[in-house]
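My notes follow in the order I checked them.

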Amino acid sequence: MGKRHASILTSGHVYTETCINFMKLEISKSNNHRVDSFDRSNHTFMVHEIIVLREGRPIGHFSVNISNKWCDCGKYEAKHMPCSHVIAACFSIQYNYWSLIPDVYKVETVLKVYDEAFQPIPNKRYWPQYEGVKLCHNPLMQRVKKGRPKSKRIRT
Ligand SMILES: [Zn+2]
């Protein structure tokens, strides 16, 4: 392990910078939510936004199920980090929402990737001959960089 990695580990940072920045934003948004508990034993909640967030959508009402790692907004499922609604729900029952963050967002896990030695890739001349199927691109599927996209309409 390099000196830089060792210093990151000893710095006391548990979560990656990306994770921390995401959580800071979601925690600040969670202050503007009202939580109704439906089934406390099942960890199911209804979370209401009380102000309009700058996300280009109207005030929302979301059902949250902490056990199933679900929020109607879809952010929790997509990012695997608790969204503001989940944070608000956790806060209402004094549940540690940091425990919902998977290990892949921990500094220790990220640095473990670099524990293994990487073998250098040999010169292209020494690569084995490829015997599989050869694929070709379809030039009609290529995105036009400027102007209108190419029309795919079949004109009769
Ligand atoms: Zn949500």
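The model is a predicted one.

I then looked up the pairing behind that bridge. Strand β3 (residues 61-65) and β2 run antiparallel and are joined by five bridges. On its pairing with strand β1 (residues 33-39), β2 is again antiparallel, over six bridges. Asp39 has Thr44 in β2 as its bridge partner. I noted that β1 and β2 make a hairpin with four residues between them. His43, in the turn, has a positive phi of about 60°.

Next I checked burial. How many residues of strand β2 (residues 44-49) are buried? Six of the six are, so the strand is largely enclosed by the rest of the structure.

Last, I turned to the metal site. Which atoms coordinate the zinc ion? I found SG of Cys71, Cys73 and Cys83, and ND1 of His85, at 2.1 to 2.3 Å. The angles subtended by the four donor atoms are 107 to 112°, which makes the arrangement tetrahedral. The ideal angle for four tetrahedral donors is 109.5 degrees. Along the chain, I read the donor spacing as C-x1-C-x9-C-x1-H. Cys71 lies in strand β4 (residues 70-71) and His85 in helix α4 (residues 84-92), so this pair ties together parts 14 residues apart in sequence. I logged both Cys71 and His85 as buried.

Notes: Residues are numbered from 1 along each chain as its sequence is written. This is a predicted model: local features need pLDDT of at least 70, side-chain atom pairs count only at pLDDT 80 or more; totals for chains, interfaces and linings use all residues. Side-chain values use heavy atoms; hydrogens and water are left out. Donors are N, O and S atoms within 2.8 Å of the metal (3.2 Å for Na, K and Ca); water is not among the atoms, so sites may look incomplete. Four donors count as tetrahedral if all angles lie between 85 and 135 degrees; four count as square planar and six as octahedral if opposite donors are over 155 degrees apart and all others between 65 and 115; anything else is irregular. Helices (H or I, at least four residues) and strands (E, at least two) are DSSP runs, numbered from the N terminus. Buried means under 20% relative accessible area, exposed over 50%, partly exposed in between (1.4 Å probe, protein chains only). Two strands pair if DSSP finds at least two bridges between them.
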